[in-house]
Amino acid sequence: MLNQIMQSRLRGVMLLGLILIFLPAFFANPFHYELAIQVGIVAATVVGLNLLVGFAGQISLGHAGFFGLGAYFSGIATGTYGWSSIPALVAGAIAVGVVAWIVGRPILRLKGHYLSMATLAVGFIIAIILENERALTGGPDGMSVPPLEVFGWQLSTFGRYSLFGLEISGVQAWYMVAGVLLVIATWFALNIIESPIGRALRSLKGSEVAAGVVGVNTTKYKSLVFVVSAVYASIMGGIYAHFQGFITPDLASFDFSIVLITMVVIGGMGSTFGVILGAVVIELLPQALADFQELEMAMFGLILMVTMIFMPKGLLPTLNSVVPNITRKKAAEVRHDSTG
Amino acid sequence: MTALVEVKGLDKVFGGVHAVEDVNFSVEAGKVYSVIGPNGAGKTTLLNLITGLYTPTKGEIRLGDESTARLTSNQLAERGMCRTFQHMQVCMNMTAIENVMLGLHLRFNSGLLATLFRLPSMRRNEALARERAAQLMDYVGCGDYLASEASAMSYGALKRLELARALAVDPKVILLDEPAAGLNATETAALEELIRKIAEQGVTVILVEHDMKLVMGISDQLLVLNYGRVLAEGTPEQISQNPDVIAAYLGG
Amino acid sequence: MFSEFLQYLFTGTTIGATYALIALGFTLIYNASHVINFAQGEFVMIGGMTTVALTGMGMPMIVAVVLAVILASVLGLALQRLAIAPAKQADVVTLIIITIGASIFIRGIAQVVWGKEYHSMPNFSATQSLEVFGAVLNSQSLWVFGIGAVLVVALVLFFTKTLSGKAILATSMNKEAARLVGIRTQVVLMLAFMVSAFLGSVAGIVVAPITFTSYDIGIILGLKGFVAAAIGGLGSGVGAIVGGLALGIVEAMAAGYISSDYKDAVAFSMILLVLFFMPRGLFGAKVVERV
């Protein structure tokens with residue numbers, strides 16, 4: 001039994017890795033790479049958010065706040081104070097984790113719509129601070145961020161690098177970074193879910209009362225998953241800042257929070273591979289709709305609405321129930337989809 | 001014998017209404033202690049108070065030599081108290097065995113780092129937990145559902161699953177809220193057998209139940225509640241002959 | 001000193017009254033269906049923008065207002081029928097995303113029809129403003145208070161005197177019981193969405209001369225309405241009104257005495273503060289969890 005789950009989890013991550021390796025075969029130009037990198041970074045963020053929303057059942061409408069905080073921490077630490085990238089990412093993750101822990105304790109007592117209201121408020125406050133502390137953040141105009149520096153390399157999208165004698169471009173190098181991070185993020189998330197901690201988290205959604213009477217400290221686990229998902233967002237925010245080279249307070253905006261949670265819900269709450277699919281769909285949809293020009297926004301809303309009405313469980317879980325047994329490796333995934 | 005659970009002067013008021021009023025009793029270790037009474041008598045409220053889901057308006061609850069009225073339900077679980085629910089609280093987003101493994105949370109937990117990297121210590125713990133959970137499912141008689149989703153189980157099987165989860169906590173005292181509700185005669189007989197087995201292993205049982213045959217058969221001591229107050233307390237024989245109880249039940 | 005305070009108070013109560021109307025819309029839908037309608041702000045936008053567009057085409061103000069309100073109410077009905085009703089068993093979060101999808105859709109259409117520009121609307125009265133103890137009171141504020149008050153009285157009468165109103169109340173208290181006594185709960189839901197859209201569009205129309213209007217004004221006004229409803233306690237009508245006024249006044253005071261950059265931050269901190277101490281808002285029902 002245990003072996004079986006181990007294998008299915010391994011198989012899922014391996015499949016993801018394989019897709020990421022062969023995907024560039026379809027890329028025609030650097031823009032495709034950039035799009036893929038962007039999708040990868042955001043996908044890793046929603047894999048973290050899914051732990052909170054999909055598995056633990058706690059709504060967050062302010063998660064972009066933590067993404068933005070992470071981005072600005074990296075941007076300010078490396079750009080203004082000359083830190084190197086990795087220590088900045090780590091320190092940013094710790095700082096954002098502490099912030100999430102402090103605000104999480106009181107607001108996670110709230111339930112349902114009140115929790116969504118409170119998280120929305122936290123996100124807004126972060127965005128407003130980033131917008132108005134001009135001396136530090138550059139205000140609404142944003143700030144530029146130096147390239148990612150790993151082991152002495154300055155990783156710029158415009159650069160050229162040689163790896164094991166292979167000549168690669170900047171976007172290709174970045175694609176590798178984003179791909180590796182997405183695989184790690186997924187791997188960690190799957191490990192958390194298939195563990196005592198993961199069961200405790202899922203029980204918060206399944207029955208908080210039951211969780212309590214068997215000894216799960218529900219307050220502690222809510223805080224834990226809130227912090228973990230915030231740390232995911234912070235690190236990916238920092239990475240994103242280095243990738244774009246320029247950040248604005250929009251990264252922390254309510255709009256982006258909504259984008260993130262939409263990815264989780266449309267992909268399939270509680271399905272790690274589902275939410276990655278959700279990120280892909282939501283990031284690429286505007287590209288596909290570009291032909292509609294001024295109707296793009298209306299089309300986006302319509303598609304979102306119709307998808308959620310007809311597939312309330314999200315894309316991947318619905319696909320899985322329509323075509324059972326085809327995607328065996330996701331069997332373990334689907335089991336976590338809540339019915340409630 | 002010493003009292004394992006002791007309730008003194010317990011009051012719970014909801015918006016001016018006394019759901020439980022001045023209730024006193026004590027349960028000796030290793031006994032089956034039942035709480036009966038008409039609908040709305042305050043039985044479930046009493047259970048919710050004892051298990052930390054509600055905070056008493058007044059009064060004291062003791063578990064062993066500790067006052068527990070202010071403890072949360074998870075702190076009570078750490079002290080060896082667990083329960084089942086009248087309206088089942090099974091996590092439908094998990095498999096059957098995972099629900100029971102959830103009950104082993106306190107015994108086989110792993111740290112965040114061990115979890116993230118899936119260290120051998122964590123994997124060993126998981127294997128042990130899974131094995132223990134499977135034993136418990138066999139013990140309560142839902143061994144057929146080892147590979148099932150919780151959402152695919154029948155009502156009776158879910159009730160037994162909840163019991164297995166409560167036993168997983170390895171409780172000193174287990175509180176059962178109407179375990180026989182909705183079960184047929186055969187299932188009830190099996191349940192009676194099971195409760196007897198649990199009690200024989202030294203686990204104290206506090207039982208809220210409407211099925212009089214079951215209650216009279218297995219209880220060592222009975223408490224009768226009516227309108228939130230204690231109407232009578234005694235052995236099954238004493239209770240069945242108590243005129244107040246007969247009047248209350250026959251609608252006197 | 002006092003005139004300054006009075007000035008902020010005027011500004012705050014005016015915008016607060018608007019928030020209160022929007023919050024009442026949230027409350028109504030929440031009571032009938034336990035859905036938080038994130039498209040509520042779009043009704044506000046539809047009200048203002050339709051009125052501006054129709055008067056721009058030369059239509060008399062009053063006709064434009066009536067048509068705008070009708071359009072918004074029909075939209076409310078359509079939202080319930082086409083988006084909410086088909087998603088019966090959906091999760092809370094899923095419903096949030098559906099209403100957000102609806103709001104993006106409506107906004108997208110509005111952007112195509114009316115463009116992205118800001119539009120202004122003249123005050124309802126020829127007199128632009130009055131002076132009260134040294135503070136300037138915009139004449140439109142009086143319209144906001146007046147119409148707000150009339151609507152609140154009308155709502156109270158609707159809920160206490162009419163069968164439809166009582167049916168909505170009954171459904172919000174216990175849907176199953178309401179169904180059992182013969183209330184057609186689907187009709188009640190449609191009614192709730194319509195009345196809610198009506199309230200939102202009126203708010204959008206009366207406030208338009210003060211704030212300007214544009215295709216995307218619904219986002220922030222809708223959110224403020226949600227904040228007001230949550231401060232008051234979801235489901236409480238009195239709470240929505242108190243929450244709306246309190247939010248408007250706090251914002252205006254924060255903008256005046258602290259910094260207009262941080263006025264929204266103050267508003268959002270206020271909701272956090274309220275929820276820390278009262279997890280169900282000021283007037284939210286205390287519920288005992290049944291297990």
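Domain bounds here come from an automatic or database domain assignment. The model shown in these views is predicted.

**View 1. Chain B divides into two domains.** Domain 1 of chain B covers 1–80 + 172–252. Domain 2 of chain B covers 94–170. The C-alpha centres of these two domains of chain B lie 27 Å apart.

**View 2. Domain 1 of chain B touches domain 2 of chain B.** Nine residues of domain 1 are in contact with nine residues of domain 2. On the domain 1 side, two helices of chain B each give two or more residues: H2 (73–78) and H7 (185–200). H7(B) gives the most to this side, with three residues.

**View 3. The domain 1 side of the contact in chain B, by residue class.** Six residues on the side of domain 1 that touches domain 2 are nonpolar. One is polar. Two are charged.

**View 4. Chain A meets chain C.** Here 33 residues of chain A are in contact with 39 residues of chain C. Three helices of chain A each give two or more residues to the side that touches chain C. They are H5 (112–132), H11 (254–267) and H13 (296–310).

**View 5. Helix H5 of chain A at the contact with chain C.** H5(A) gives the most to the side of chain A that touches chain C. Its share is ten residues. By class, this side of chain A has 26 nonpolar residues. Five polar and two charged residues are also found there.

Terms used:
Residues numbered from 1 in each chain as written. Chains lettered and ligands numbered in written order. Predicted model: local features only at pLDDT ≥ 70, side-chain atom pairs only at ≥ 80, totals over all residues. Contact = placed C-beta atoms within 7 Å. Helix = DSSP H or I, 4+ residues; strand = E, 2+ residues; numbered from the N terminus. Nonpolar A, V, L, I, M, F, W, Y, C, P; charged D, E, K, R; others polar.
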